[in-house]
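I opened the notebook to look up a few strand and helix contacts. My notes follow the order in which I checked them.

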Amino acid sequence: MTPTIRTMEQWFSKRLLSLVFIAWVLAYAWLLNQDRYMAFLQPRFRGLMYMGLFISGVFALVSVLAHSSGQDGEETSGAWIRGGFLILPILFLVGAHNTTLGGYALSKRPLGTSVPGLTLEEKILRDDPSLWTMDIRDLPPVHEPEKPVLLSKLLRNWKDYEGKEVLTEGMYHAPKDSPEGYGMVFRFYVTCCAADAVPVGIFARGKGLDSLKNDQWVRVRGIVRLEPILGQELPSMEVSQVEKLPPPATGEQYLYF
Amino acid sequence: MKKPAFPIAYSETCMHGHRAPRPVNRAGAWVQSLFLILAVLFYILWGQEEEFRTFSIIFSSIVLEAFPFMLLGALIGGLIEVFVPRERIAGILPKRPLLTVFLAAALGLVFPVCECAIVPVVRRLIKKGLPLGAAIAYLLGGPIVNPLVAASTLVAYAMTWQAAFTRLAIGYAIAASAGLLMDMFFTREQAILPENRADHGGCDCRNGCEASGTFLQRLYAGLVHGARDFFDIGRFLIMGAFVAALLQTMVSRDIFASAMGIPLLSILLMMVLAVVLSLCSEADAFVAASFRFSGMPFSAQMGFMVLGPMLDIKLVLMYLSLFRKRAIIALSSLTVLLVFLSMLVMEYCSP
């Protein structure tokens with residue numbers, strides 16, 4: 001090892017504790033700026049982000065003070081490993097902040113597509129994760145003139161919409177094993193973080209869907225009804241109009257409990 | 001060398017003359033270095049793949065959700081270190097060990113912490129002389145037997161209080177049982193890593209410094225302890241989150257649907273899912289509740305909600321900073337067994 005590299009290694013090594021916390025302070029500030037954290041977490045966890053920022057800031061400050069007063073001594077080589085692990089998530093955060101869960105995640109998670117009953121008791125007996133949400137955040141529509149119905153709202157109030165023409169939005173995905181001509185329009189529900197996201201959506205068939213690529217955001221119009229799909233009566237849409245949409249802003253990609 | 005104004009650092013230069021904390025051992029260092037290198041390579045080589053993007057989002061979200069709680073836990077642990085003398089802990093605890101364990105299992109009701117925050121807190125309490133059984137009872141019970149978890153379970157289960165009550169009651173019983181059983185089979189020396197024991201000569205404030213210095217000096221010392229603790233054990237959380245995210249990305253949750261008709265298999269699979277998902281105890285009820293609409297037995301949902309806060313991938317790795325490997329294996333096996341048996345009783349014996 002050359003003297004320059006050794007000097008640098010010693011310089012960083014002695015300041016590793018401070019540098020890790022400073023890196024996390026910057027990461028929290030970056031995540032809070034423009035609500036980037038919402039690519040990963042519920043909006044109501046904003047307070048949690050501030051808590052992380054505050055404690056990281058305090059730890060960074062005392063680490064710097066401890067270093068400057070000579071109280072933190074020499075670091076062991078293991079400190080590099082500890083520091084490396086603590087920095088690692090920042091790399092992944094930066095890489096993933098402008099992406100969203102899509103068709104691949106959909107293929108790994110059960111889809112809540114069935115229809116609610118009218119009473120709470122009936123609803124509880126049915127297979128629809130959206131039903132046990134008491135307070136779904138009503139996100140603003142992407143486009144104003146005609147307000148699309150949220151997929152969650154559509155499924156939660158199925159009786160009100162069944163047999164009628166509906167405009168809704170979501171991601172399009174055509175699984176390889178879906179019935180011929182059918183794809184899905186879906187979105188993800190997030191309880192706390194993207195790790196617990198549950199997809200919710202409806203089957204869709206009709207003109208204009210064949211040309212879509214998977215994970216394309218779409219606004220679809222059509223009549224919704226129950227259809228026998230894969231041995232079950234499931235909500236589906238006979239699509240009469242498809243419009244491609246740009247991906248929504250970070251905070252509008254998921255539906256939140 | 002300049003003498004520190006206040007004893008806070010655990011290093012070769014410690015004013016107490018104690019040795020540095022246990023360094024990462026050679027084999028561990030190699031494994032962890034390899035892990036890090038592979039993670040970075042993984043990022044560089046597959047960064048554009050959809051599977052990788054899914055993984056990145058899940059990994060980042062687990063870390064982001066857990067980090068603030070772990071920071072808080074490290075902060076509380078550091079403050080306990082300097083503001084709570086050992087004698088105070090000994091004075092608070094009942095004289096009878098059995099009673100101490102039962103009390104510790106319910107401590108979360110007044111001192112609620114989630115599973116990410118509890119490890120650094122328990123680590124400090126053990127250093128302050130908390131008995132092994134009581135430490136384990138609090139470690140397992142704290143993230144379940146607490147008002148925040150009760151509230152989230154209530155909301156997730158549409159205000160069905162039986163679900164919340166059952167979860168807390170079973171969590172309490174298992175935490176207390178595990179504490180008592182671990183106390184029977186292990187001594188402190190056999191279970192706890194030397195640097196975490198009060199009888200060991202590492203450099204912490206147990207040697208009287210909590211009673212010395214001004215309030216600000218002690219506060220400062222507590223904060224540095226907290227920062228050090230976080231730096232010391234944070235990597236276990238990252239490794240656990242990484243493995244959990246990898247499994248979540250690769251393994252389809254649909255395989256769990258195939259076992260819904262068989263309660264015994266459902267319980268086992270939901271327990272596996274709890275370990276793999278590594279969700280926060282204040283969020284997992286919502287995921288468990290999502291399974292009830294697809295016919296998953298209540299006992300299996302409960303198995304998921306009781307085991308998850310006690311044992312998951314990131315927790316097992318975080319236990320490495322606290323216990324010896326043999327004790328971790330025993331504690332993990334015991335927890336799994338107790339949860340499984342409780343759920344079988346619930347499934348087959350409850351009205």
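Which residue in E5(A) does A:Arg205 stand opposite? I looked it up in the model, which is predicted. A:Arg205 stands opposite A:Glu238.

**Entry: strands of chain A**

I then checked how the two strands pair. E3(A) covers residues 198-206, and E5(A) covers residues 232-245. They pair in the parallel sense, over 4 bridges.

I looked for another partner of E3(A). Strand E2, residues 183-190 of chain A, is joined to E3(A) by 7 bridges. Here the strands run antiparallel. I picked out one pair: A:Gly183 has A:Ala204 of E3(A) as its bridge partner.

Is E3(A) mostly covered or mostly open? I found it mostly covered, with 7 of its 9 residues buried.

**Entry: helices of chain B**

Next I turned to H14(B), residues 298-307, and H16(B), residues 325-349. Their axes come within 9 Å and cross at roughly 155 degrees. An angle over 145 degrees counts as roughly antiparallel, so H14(B) and H16(B) are roughly antiparallel to each other. I noted the hand as well: H14(B) passes H16(B) in a right-handed crossing.

Which residues meet there? From H14(B) I listed B:Phe298, B:Ser299, B:Met302, B:Gly303, B:Val306 and B:Leu307. They meet B:Thr335, B:Val336, B:Val339, B:Met343, B:Met346 and B:Glu347 in H16(B). I sorted this contact by class and got 8 nonpolar, 3 polar and 1 charged residues.

Terms used:
Residues are numbered from 1 along each chain as its sequence is written. Chains are lettered from A and ligands numbered from 1 in the order in which they are written. This is a predicted model: local features need pLDDT of at least 70, side-chain atom pairs count only at pLDDT 80 or more; totals for chains, interfaces and linings use all residues. Side-chain values use heavy atoms; hydrogens and water are left out. Axes are lines fitted to C-alpha atoms, for helices over the stretch in contact, and angles run from 0 to 180 degrees between N-to-C directions. Angles under 35 degrees count as roughly parallel, over 145 as roughly antiparallel, 65 to 115 as roughly perpendicular and the rest as oblique. A crossing is left-handed if the near helix is turned anticlockwise from the far one by less than a right angle, and right-handed if clockwise. Contact means heavy atoms within 4.5 Å. Ala, Val, Leu, Ile, Met, Phe, Trp, Tyr, Cys and Pro count as nonpolar, Asp, Glu, Lys and Arg as charged, and the others, Gly among them, as polar. Buried means under 20% relative accessible area, exposed over 50%, partly exposed in between (1.4 Å probe, protein chains only). Two strands pair if DSSP finds at least two bridges between them.
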